[in-house]
Amino acid sequence: MSPSLSVRSSSSVLLALALSPCAVLHAQSTRYDAPIHLSGSTAIGPAAGTQRNAVLAQGSTSSLLVYEDSRAGDRDLYGARLDASGALIDAAPFPITHAPGDQTAPRVAWNGTSWLVVYANQVDPGSGYFATEVACLRVSPAGAVLDSDRIRIGEDSSGATYSVGSDGVSWVVSMAGYSAGTAGLVAKRVSGSGTVLDPAGVSVLPSGSSIIFGAEITYAQGTYLFSWNEGVRRGRRFDTALRPLDAGVRTLPVEGGVIASNGLQHFALWMRQTPAFTSEIVGARLDAQLNLLDAQPIAISGANPSANQTEPRLVWDGAQWIALWLSYASLDMRCARVSATGSVLDPGGVLVPDQAPSYLYGHSLGALPGGGALATWHESRFGTADDVFGVRFSAAAAMGTESIYSLGAEALQAPRVGAGPDHYLVTARGERADGTRVLSWRVDASGEPLDAQPIVVASASHALLHAGGSAWNGALHLVTYANASDGWIYARRLDRDGAWIDPAPFRVLRGAGADVAALQSDFLVVGVHAPGYPQYVSSFGARVRGSDGAVLDATPLALAGSYATRARVATLGGQWLVATEQHWSHNQTQGGISTHFVTSSGAITAGSGMAVLSIQNWGSVDLASSGTSALLVSQSGSNGTNTEIYVQRLLPNGTSPQGMRAITTGAPAGQHRASVAWNGEDYVVAFESYQNNVWGYDFEPDLYAQRLREDGSSIDTQGFSLWSSEDYETHVDQEGLGGGRSLVAAAVLVDTGYAATQIALRAQRPRGVTSYGTGTAGCTGPERLDANGPIVPGNAAFALRCAHAPQNALGALLLSRDADLAGSDPLGIGLWLHVGLPGLVATVSFPSDARGLASLALPIPPDPTLSGGVLHAQALFSWSAPCAPTSLRLSSSSGLTLRLP
């Protein structure tokens, strides 16, 4: 592409700055771009985190499975629809509620048009402590949550038991608390549109000395039966308007256990002791008037003199009853069909296949459309957390194959950011229930990925790999991680173009919590390890030679003493500086931060550290260096709601001139897990914050940051937001690239398409530089125009850069007085422009190198008359066949505003 106009000197371009009005497009105090997301494997598989307590309810053409899920920190509810064969309709589950606190113990009912999901919701009753609220949400047949806010049924300070039923039009929810005055059973109707029809509730059982267990609502022939267990089963009938049909509570002619309805009659199952002092599952049918239809209990499981049969579950599949129970003979489950007339079709039951001989928990049974049922349970199949499994039992008693139902994409967690020569290296842990990977991404100065796929550092079939830090020694990256399965910290060298130098990771030292920093051509890898008694954990280090990857310390360097929980390393004054978080004992929050210097030859000297802290989130120390000073950051506080971030400077001679101080005292609630980076001009301290949370038991944080000068004084009196949405955001980390640039990374929940945490990045621009718009992406990714340093008079090294350009090409840089923030296509070819053509000042040649990095030096003269000038820039590139971003093979970068102070 030939530029239509060139400039003879950079100073003539910058003189144009003074001609433009001083318009600030974005806040200049923080200079962070919009988030960019990194993803790992998008293949859906067993989800990370804990999933448990699944329930299933049949709809008209599908069934809804709902379960507790901790993939976003606290416990939420996720759902997925199943077809008649028990196969998932939804490739990834969808969130039913991500409300603050925990949402647990779901119950589900269908009313003919949608499902009602009832659950226990953690809320603040005004005391500052949590209470249990019974709440519900409607879900459509398409899997959409129909209510923008929960439907409230009631709350109890010490918990509650509840149930849900339907007459085919509306629902009824019953609730009984455990506190004085709320222990009675109260019912409320919920209309199909989600309105509570009985706000005051209808008393089924007045509050008394009894505690309600096993409450159920069944519906038969126009009558609701509310029943519960008190050794025997008791109950009371109401019509659909919740008018009582029984004057008082009745004792049913069945024992405790469970009860279900087929719309015409009720069927109760319970556990009965055998003459051999084991137990069996029996049942009996009742008509709608509660008359016993079976003179003798129906023997369903059969008496087994060597094992207990217990904990029955029961559903009606449209033509027959299906029962499920646990058999402790071999820690398994069995299913049996019972006809509508009470005939047992599968005496003794059919074994539910379970591919792992582990304990089963939370077993449940739900009907499928067209007949048959799905037996579900949760277990720790993969060794670290529970997952939901299930097997279909057909209407003809055929057992299907076992499936896992709690799914999601690879969850990316705990990112670490390292700086390279002109890019960053982001390393994170990728987890599914059936394995972990350590992944790295090379990203440019704007946060755009340089590689189409993440670089796999290591992988394992267990969930015990943990990503560490990375460092650049001027020629290559060293990437570290820890393997908790064998107790070793590993490393692997990576070149600047993303190719592995080492064919496989190599062991460096025993330990966990890996971090690394480069000093000249060599690296120091640090971690924590208990060489003897497990409680006595210390920090250790080992040097790695950059040229060949040789570990120079066969016996690791012993750094800080016992009860260590994290070590971080940086370089300061020509030495490595290691900060170790240590506690007073293995179970006390009180502790401090000790520091040690390590020379290039491996000699160790001690420095001054941070004083006594109360660190509840163990492993919270971080460290960054400007080259002439270092900043230690940690947290201290007595609980989650009054914790502050503390900082302390350290000089190359090991002294600390100011001592430690809190920097977040102006922020409400608690601030936790700080990270720190030097961006070439300032220290940036980022941290998790609960300042936007409405109550103290909401542990889903937002992410904030504050800047400090090199001398440790604060630039921001209040923190500024990095991420502050309703989504889950955690584990912030960052690194600087110089010139006022840094990259901050966090794990952020992305439900759509992933149902997993992904890595979100935000790039900090230099002073006076603001990015806007998107442009038209080229053939290797979006083109983000960037600067290498601040817009200040006298910055002779100032240059503009753009990644993802064509290789070895000549682009054009457009400079204009006018910005087009929204962007437009004035040429009508799909080329999105963000600079105003009427205000065009110049078109400058913008060449790219063999890596597709375009750059142009624009030295800024020390001319005070340029102060306040504003210019807007955008790059254009031409691509060769077969690539064609637009009809004329042109692409465009994002816009960039340049403003002199």
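**Exercise 1. The cavity lining**

Task: Sort the residues that line the largest cavity of this predicted model into nonpolar, polar and charged.

Solution: Start with the list of lining residues: A47, A48, G49, F382, T384, A385, D387, E431 and A433. Next, recall that Ala and Phe count as nonpolar, Asp and Glu as charged, and Gly as polar. Sorting this way gives five nonpolar, two polar and two charged residues. To finish the picture, note that about 40 Å³ of space lies in this cavity. A search of the whole structure finds one cavity of 30 Å³ or more.

**Exercise 2. Confidence along the chain**

Solution: Begin with the whole chain, which averages a pLDDT of 90, with 95% of the residues scoring at least 70.

**Exercise 3. Two tyrosine pairs**

Task: Decide whether the pair Y481 and Y490 is stacked or edge-to-face, and do likewise for Y536 and Y563.

Solution: For Y481 and Y490, the centres are 5.3 Å apart and the planes 10° apart. Planes under 30 degrees apart count as stacked, and this pair is stacked. Now check accessibility: under 20% means buried, so Y481, at 5%, is buried. Y490 is buried as well, with a relative accessible area of 12%.

Turn to Y536 and Y563, whose ring centres are 5.8 Å apart; their planes stand at 75°, so this pair is edge-to-face. Y536 sits in the loop between β41 and β42, and Y563 in the loop between β43 and β44, 27 residues apart. Y536 is partly exposed, with a relative accessible area of 43%.

**Exercise 4. The surroundings of L450**

Task: Which residues is L450 in contact with, leaving aside its neighbours within four places in sequence?

Solution: First place L450 in the loop between β34 (435–444) and β35 (455–460). At 29% relative accessibility, L450 counts as partly exposed. Its contacts are H423, R442, V443, D444, A803 and H804. Finally, take A803 from that list: L450 and A803 are 353 residues apart in sequence, and 8.1 Å apart in space, C-alpha to C-alpha.

Note on methods. Residues are numbered from 1 along each chain as its sequence is written. This is a predicted model: local features need pLDDT of at least 70, side-chain atom pairs count only at pLDDT 80 or more; totals for chains, interfaces and linings use all residues. Side-chain values use heavy atoms; hydrogens and water are left out. On a 1 Å grid over the protein atoms alone, a cavity is a set of points where a 1.4 Å probe fits but cannot get out, and a pocket is an open set with protein on both sides within 12 Å along at least five of seven lines; lining residues have an atom within 4 Å of a point. Grid points are joined across faces, edges and corners, and a volume is the space filled by probe spheres set on the points. pLDDT is the predictor's confidence in each residue, from 0 to 100. Rings of Phe, Tyr and Trp (its six-membered ring) pair if their centres lie within 6.5 Å; planes under 30 degrees apart count as stacked, over 60 as edge-to-face and the rest as tilted. Buried means under 20% relative accessible area, exposed over 50%, partly exposed in between (1.4 Å probe, protein chains only). Helices (H or I, at least four residues) and strands (E, at least two) are DSSP runs, numbered from the N terminus. Contact means heavy atoms within 4.5 Å.
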